[in-house]
Amino acid sequence: MTGVWDWFLWLYEAHGINLPVFYDSYDRQRFFAGLLTTLELSVCSVVASVAIGLVGAWALGSGSVVARRLVQGYVHAFRNTPPLIQLSFLYFAVGNLLPRLEMAGGGSRPLLDGFAWAVVTLSLFGGAFNVEIFRSGIEAVPASTVEAAEALGFNRWRLHRHVVLPLALRICLPALSNNLVNLVKTSTLAYAIGVPELLYVSAQVWADAMNVREMMNVLLVTYVGMVGLLSFGLRRLEAALRVPGLGTVGGQP
Amino acid sequence: MIAGDGDAVGVLATIWKWAPLIGRGFLLNILISVLAMAMGTVAGLALGLGQIAPYAVLRRPAQIVTQFFRNAPWLVLLFYCILLLPYQMTVGDWTVPMPAWIKATIGLALPVMGNVSEIVRGGIQALPQAQWDSAESLAFSRRQTLWMVILPQAIKPMLPPWMNLYAVLIMATPLASIVGVEEAMTLTRFALSAENRSELLLPMYLALLVAFFAYCYPIARWTARLERRFAVKH
């Protein structure tokens, strides 16, 4: 491994391409810690947003008018406002109203830190889209399939568990993948509230090393690679789950 | 925390005081979004047509560029343009200054280009192959087929995703505040630090959210209506 890092040192000395995130152990550590934070942020938000989407879609399908109105209000509010302002609103304004935790050595700290607020905002933002995606997936399951299952004596729970949800998931997977990929890209917003994710640490590195051009390119390639890998994986998943004769919404038929 | 009537009036009066300034900032958000959409659409149309070109030398690069700009985060592209574009551009004898908001517009136009390219490709490929075949049998050249047969039919189904993209774009314009453009979000933060009253945080950010909602929600409703109207019945 040292050989690889040394090669970047040679690259700097011989060609002036300065990439301290590879040859300098301190910058390297910073950079990969940032990458890890971005991954954690993405995984937490993706899982939570899918959970929000499922619960929301279930509430939309339930008989309760109040629950339906609430979920619709949430979906419209979060889909039609900028995520950056949502983040600022939650972090600066709502976070300011929450009680503070007393620390052992005196003083206090906020109940939720920047990372937690970023996860909350991204989950709510992505979740609002997921609610609609799951709802349209469930609606697109052919009525005849549902009727056939009912005729075979499936009760409501088993009907959903074994027939509706497996088909709905396959139907909405392309739209879901799209949204999850978007969510990972949106995780860069955490920069605005000082969460040390990939963009934030990269800005620190280029401020210290004065290598904006090289660092920007490293950053861009890292993100494009990461997002490319994720969308490739999701496309593979789509292909693996594919049921012949079942159409999709929001993707290729 | 329940504010008394006097406080509520005070807060509203403060928001009202700053509304003209933040409103002007919001106009800049709209201007940036319209310009970025125009630039991104023209470039994206060219790129999208490149993606369906019969020559691999044209098709492959167009596909790679499209995927690149679709996969890159908007904020990173914005940083890229703000930090690496020059302060002024010299075209022949002319020197055009490049203020931050123009660079931000270019930065936002890049992901729009990638997404429009994909919309154009998808819209064209969704048309039945028979349209191409019959145009060919009527001795249309490829260019004629594209401009006179394919695109006129493909434009309508492309409209809802294109409008969706515009909504995503206008909601991305506050990102320009991170790189120092004086749009609505920057000016709201400016107002908040000038007032320096923590009870203003919630109402001011809420007012800004409401302003964006008022602009975006009608677009979303209109898009949904068009989507239903153009939906193909199976």
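Helix α5(A) bends by about 25° at L90(A). The model is predicted.

- Which residues of α5(A) are buried? They are P83(A), L84(A), I85(A), Q86(A), L87(A), S88(A), F89(A), Y91(A) and G95(A).

**Helix pairs in chain A**

- Helix α9 (residues 198-209) and helix α10 (residues 212-241) of chain A pack at about 165°, and their axes lie 9 Å apart. That angle makes α9(A) roughly antiparallel to α10(A).
- The crossing of α9(A) past α10(A) is right-handed.
- On the α9(A) side, the residues that meet α10(A) are L198(A), L199(A), S202(A), V205(A) and W206(A). Their partners in α10(A) are V212(A), M215(A), L219(A) and T222(A).
- Residues three or four places apart in an α-helix point the same way, because there are 3.6 residues a turn.
- Helix α7 (residues 143-151) and helix α8 (residues 156-186) of chain A cross at roughly 165°, with axes that come within 11 Å. So α7(A) is roughly antiparallel to α8(A).
- α7(A) also passes α8(A) in a right-handed crossing. T145(A), V146(A), A149(A) and E150(A) of α7(A) make the contact with L159(A), V163(A), V164(A) and L167(A) of α8(A).

**A helix pair in chain B**

- The axes of α5(B) and α6(B) cross at roughly 150° and come within 10 Å. This makes α5(B) roughly antiparallel to α6(B), since angles over 145 degrees count that way.
- The crossing of α5(B) and α6(B) is right-handed.
- Four residues named in α5(B) are Q131(B), W132(B), A135(B) and E136(B). They meet T145(B), V149(B), I150(B) and Q153(B) in α6(B).

**Two loop residues with positive phi**

- M210(A) is not a glycine, yet its phi is positive, at about 55°. It lies in the loop between α9 and α10 of chain A.
- Is M210(A) buried or exposed? M210(A) counts as exposed because it has 11 C-beta neighbours inside 10 Å, and 12 or fewer is the cut-off.
- A139(B) also has a positive phi, near 70°, and is a residue other than glycine. Its place is the loop between α5 (129-137) and α6 (142-172) of chain B.
- A139(B) is exposed, with 7 other C-beta atoms within 10 Å.

**Buried positions in chain B**

- A36(B) is in helix α1 (residues 5-51) of chain B. It is buried, because 25 other C-beta atoms lie within 10 Å and the cut-off is 20 or more.
- A36(B) and I170(B) are 134 residues apart along the chain, but their C-alpha atoms are separated by 9.6 Å.
- Beyond residues up to four places away in sequence, A36(B) touches T105(B), L108(B), A109(B), V112(B) and L169(B).
- L110(B) belongs to helix α4 of chain B. L110(B) is buried too, with 23 other C-beta atoms within 10 Å.
- L110(B) and M37(B) are 73 residues apart in sequence. In space they are 9.6 Å apart, C-alpha to C-alpha.
- Leaving aside neighbours within four places in sequence, L110(B) is in contact with F69(B) and L77(B).

**Where chains A and B meet**

- How many residues does each chain bring to the contact? Chain B gives 29 residues and chain A gives 29 residues.
- In chain B, α2 (56-71), α3 (74-84) and α8 (201-230) each supply at least two residues of the side that touches chain A. The largest share of that side comes from α8(B), with eleven residues.
- Why is α3(B) largely enclosed by the rest of the structure? Eight of its eleven residues are buried.
- The buried residues of α3(B) are W74(B), L75(B), V76(B), L77(B), L78(B), F79(B), Y80(B) and C81(B).
- These buried residues pack against helices of both chains: α8, α9 and α10 of chain A, together with α4 (100-125) and α6 of chain B.

Note on methods
Residues numbered from 1 in each chain as written. Chains lettered and ligands numbered in written order. Predicted model: local features only at pLDDT ≥ 70, side-chain atom pairs only at ≥ 80, totals over all residues. Bend = angle between axes of the 7 residues up to and from the residue. Axes fitted to C-alpha atoms, helices over the stretch in contact; angles between N-to-C directions. Parallel < 35°, antiparallel > 145°, perpendicular 65-115°, else oblique. Left-handed = near helix turned anticlockwise from the far one by under 90°. Contact = placed C-beta atoms within 7 Å.
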